[in-house]
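Please examine the protein shown below.

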Amino acid sequence: MPFLTDRLQDTQRKQRHAEALADENERIVDHSRGESGKGAVKSRFTFDLDFVEQELRATIVGQDETLEQVMEILKIVRADIGDPRKPLASILFCGPTGVGKTETVRTLARAFYGDADSFCRVDMNTLSQEHYAAALTGAPPGYVGSKEGTTILDQEKIEGTRNLPGIVLFDEVEKASNEVVLALMNVFDNGLLTVASGERTYSFRNSLIFMSSNLGAHELMSLEDGAPAFWRRLKAGGRSRREQAQEIVLNCLLSRFPPEFVNRIDHIDTFNWIGRDTMPALVDVEVERLNRRLKKHDLVLRISDEVRDFLSAKGYDKRFGARELRRTMRKYLEFPLASFLLDQDGLRDGAPLTILVAERNDGKLSFHKT
Ligand SMILES: Nc1ncnc2c1ncn2[C@@H]1O[C@H](COP(=O)(O)OP(=O)(O)OP(=O)(O)O)[C@@H](O)[C@H]1O
């Protein structure tokens, strides 16, 4: 098939050209590194690890092991000792729905750039069919969109800045077509993606690449709830729940992806289910979020311990993770709060106000100004 061979050769030629260019850039960057270093290592990165960790710990609840791993990876990045020909890191977050996978990436983006949306998000679900895949790899001649040469990749957010890593999230990576998986493997190998339609090469060498997947979530549910004999056998091996969960997920990954793909990912982590014991802390995080939104009205919301318990109980549904709590907060807190605020005439032009929320015995929440 001459057409395919031609295209392959052409793509390889462009790839070589892009690599040569990137090497040249690397040499230039090397010369200019060092003035913003902290500690013993001179690094071009300027982000404050302590600040990033504080932000993550204040925002993401019940995922301490994962956060520790993320911080370890960020240390390598901050010290600038990674392989310059590869992405800064490739990290796959697995686990159930609504447990903080995306929120972790958003929190990092906020810690780096002050804006939780400062990352390039690629929804693999919309890329599952081949012609959509062309949007990532670049539309080959003949496909709609090939002339525009546009892709769904946001170069600025992928490449970041000289002092800050770019951030990319490939969401629901299990939905990616084989073609896209191959393109990603290439990115893990040499940090470059040349879109097939033409001239453009994206460099991921300054990127933190995150992927998320629900693969294994169903099987993890059994780890929590059932199949006792099976889990007893596993436990007999003396491994922690987390190790068991990691193994389940790895098996699911290997049954979906070629081992070469899984093997190229730097770090694979499994998020925990949101447990009942995590709920009160999660309620506090959600109230804090609401308070950030209320700040522009000079309002502060304080909840009593009873209200925290009330929202924790109402908002717990393991199947939906923290999303159920968000719905609960909306129904029991935000809707009545909005009515309360709209009913208060003098509220808008008054001094900063604290609103106390208490639980009534009819299962509703009541609001009081102080
Ligand atoms: N561990 C957590 N700590 C704090 N907030 C959380 C946590 N998990 C989820 N949330 C809240 O729930 C919402 C949904 O979480 P998130 O988008 O991170 O889910 P996800 O794990 O990526 O799920 P999915 O696989 O369905 O995309 C977030 O906006 C966040 O507010």
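Strands here are DSSP runs marked E of at least two residues, helices are runs marked H or I of at least four residues, and both are numbered from the N terminus. E2 pairs with strand E3 (residues 166-171) in the parallel sense, over 4 bridges; strands count as paired if DSSP finds at least two bridges between them. Within E3, Leu 169 is the bridge partner of Arg 121.

The model is predicted, so local features need pLDDT of at least 70 and side-chain atom pairs count only at pLDDT 80 or more, whereas totals for chains, interfaces and linings use all residues. Residues are numbered from 1 along each chain as its sequence is written, and side-chain values use heavy atoms, with hydrogens and water left out.

The aromatic rings come next. The structure holds 9 aromatic pairs. Rings of Phe, Tyr and Trp (its six-membered ring) pair if their centres lie within 6.5 Å; planes under 30 degrees apart count as stacked, over 60 as edge-to-face and the rest as tilted. Phe 112 and Tyr 113 form an edge-to-face pair, 6.4 Å centre to centre with 85° between the planes. Phe 112 counts as buried because its relative accessibility is 9%, and Tyr 113, at 27%, counts as partly exposed. Buried means under 20% relative accessible area, exposed over 50%, and partly exposed in between, for a 1.4 Å probe and protein chains only. Ring pairs also link Phe 45, Phe 47, Phe 112 and Tyr 113 into a cluster.

Phe 310 and Tyr 332 form another edge-to-face pair, 5.3 Å centre to centre with 85° between the planes. Phe 310 lies in helix H13 (residues 305-314) and Tyr 332 in helix H14 (residues 322-343), so this pair ties together parts that are 22 residues apart in sequence. Phe 310 is buried, at 8% relative accessibility.

Charged side chains also meet rings. Lys 318 lies over the face of Trp 273, at 5.4 Å from the ring centre, and Arg 327 lies over the face of Phe 320, at 5.4 Å from the ring centre. The criterion is that NZ of Lys or CZ of Arg is within 6 Å of the ring centre and within 35 degrees of the ring normal.

Finally, consider the whole protein. Its secondary structure comes to 14 helices and 10 strands, and buried residues make up 46% of its 370 residues.
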